[in-house]
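Trainee: I'm new to this one and would like a walk through it. Can we take it a piece at a time?

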Amino acid sequence: MFENLKPQPADSILSLMKAFRDDPRTEKLDLGVGVYRDADGRTPVMRAVKAAERRLWEEQDTKSYTALGGDPAFAAAMGDLILGEGLATDRRSAIATPGGTGAVRQAIEFIRTARPEARIWVPDPTWPNHLSILAATGRDVAHYRYFDAETGGVDDAGMIADLSAVAKGDVVLLHACCHNPTGADPDAETWKRIAETLGERGAVPLLDIAYQGFGDGLDTDAAGVRLLVQTLPELLICASCSKNFGLYRERVGLLLTIARDADTARMAQATLEHLNRQAYSFPPDHGARLVTIILGDPALRADWQDELESMRTRMLDLRRQLAAELRRETNSERFDAVADHRGMFTRLRLSEDEIATLRERHGVYMVGDGRINIAGLDTRTVPILARAIASLGD
Ligand code: LMR
């Protein structure tokens, strides 16, 4: 049997991590994988997480199984964080999952169970692992226009035109905020048009919210999701606590579904739990419990929000600095969109050759599509990167 195994395609993001580690140069810049780093280049455990871990260690008196959907208090707290308190509470169903990736995988399995023939529309471009999971599960995938390579913003007209052609019952994957890999997000007006278009077509949104709090703030980042929940009968929402709680390796995620009514929501809940049972029985609990403690304790929650806000504003300041340095160094407006992007990523719109030159000559590691992780920079390295990019024209 094992002789039939073939090499698997390398993951473009994870293979970059390895290439960076293997590079012996000391002056090198890791702008690859989406992990937050502070001004000292560290990815610290957040203060509120440390405090919640201490409390959990003292108070937890059993490690026995939870429920198939995970602790219901986690689902409730995360549901409120994403949707706000009181929105569609009787239409919600949810399971804890191993990270946001686990949520995406379980969402695809849910669609496969409920409507196997549904075509799944994804933005062009999207997170490479979306495509990998869709391929592994044999889904019928189509792409809608999303990124305008001329302006560096969202191709609103192209996106709405493509979404106007989706068939009834198709699923449309949307990044709720901080689009990965481009950093270009729809504005409020475009979200309204997305909601109208999906409503007219009878399509089901599959929202990936992996960076809530990294863009314009916790509530603003969820505004698109909330609008769709107010307007449409059925939705799937995949959330990650990797970035905004810094819980990467603990694997904390949630798959939240919104049904048209409470009866259907009960059926959805049973289906979600069945999917967990088939995949791994009970989802991991430790990290999810930390999130529940933080969200349920006013002091810890305030401290978490403060720290998250300082991470967000640090990335925003770096963006603005980078856009300004690039404008100065290149004497052009070519990179101005960097300041308008949001979240951790920006697509720089460089050619493959330029990206390779940056790596070989300057030790700058970015994903092959020109995506950089803004949090991989600091005030000292921003001008170095800007000069390296400007020198590409020499
Ligand atoms: C990324 O896009 O870099 C992150 O979401 C990490 C990952 O798993 O790809």
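Trainee: Is alanine 88 buried, exposed or partly exposed?

Mentor: Alanine 88 is partly exposed, because 17 other C-beta atoms lie within 10 Å. A residue is buried with 20 or more other C-beta atoms within 10 Å of its own, exposed with 12 or fewer, and partly exposed in between, with C-beta atoms placed from the backbone. This is a predicted model, where local features need pLDDT of at least 70 and side-chain atom pairs count only at pLDDT 80 or more, while totals for chains, interfaces and linings use all residues. Residues are numbered from 1 along each chain as its sequence is written.

Trainee: Where does alanine 88 lie?

Mentor: Alanine 88 is in the loop between H3 and strand E2 (92–97). Helices (H or I, at least four residues) and strands (E, at least two) are DSSP runs, numbered from the N terminus. The phi of alanine 88 is near 55°, a positive value in a residue other than glycine.

Trainee: What about arginine 349, what is its phi?

Mentor: Arginine 349 also is not a glycine, and its phi is positive, about 55°. It sits in the loop between strand E9 (345–347) and H14. With 18 other C-beta atoms within 10 Å, arginine 349 is partly exposed.

Trainee: Back to H3. Which residues does it cover, and where is aspartate 80?

Mentor: Helix H3 covers residues 72–83, and aspartate 80 is found in it. Aspartate 80 counts as partly exposed because it has 15 C-beta neighbours inside 10 Å.

Trainee: And arginine 361, exposed or buried?

Mentor: Arginine 361 counts as exposed, since it has 11 C-beta neighbours inside 10 Å. It lies in helix H14 (residues 352–362).

Trainee: New topic. Which residues surround the ligand?

Mentor: Ile13, Val33, Gly34, Trp127, Asn129 and Asn180 surround it. A residue is near a molecule if its C-beta atom, placed from the backbone, lies within 6 Å of it.

Trainee: How many of the shell residues are charged?

Mentor: None are charged; three are nonpolar and three are polar. Here Ala, Val, Leu, Ile, Met, Phe, Trp, Tyr, Cys and Pro count as nonpolar, Asp, Glu, Lys and Arg as charged, and the others, Gly among them, as polar.

Trainee: Which domains does the shell draw on?

Mentor: At least three residues come from each of domain 1 (11–45 + 301–393) and domain 2 (65–296). Those bounds come from an automatic or database domain assignment.

Trainee: Asn180 was in that shell. What kind of peptide bond joins asparagine 180 and proline 181?

Mentor: That bond is cis, with omega about 25°. Proline 181 lies in the loop between strand E5 (171–175) and H7. The peptide bond from aspartate 124 to proline 125 is cis too, with omega near 5°.

Trainee: Then H7. Which of its residues are buried?

Mentor: Trp191, Ile194 and Leu198 are the buried residues of H7. They cover an arc of only 55° around the axis, so they are on the same side of H7. The arc is that of the directions from the helix axis to the C-beta atoms. Glu189 and Glu200 are exposed on the other side of H7.

Trainee: Last one. Where does UniProt place the "coiled-coil region"?

Mentor: The unreviewed UniProt entry places that feature at residues 301–328. Over residues 301–328 the chain is 100% helix and 0% strand, with the end C-alpha atoms 41 Å apart.

Definitions and conventions: UniProt positions renumbered as here; feature names shortened; annotations may be inferred.
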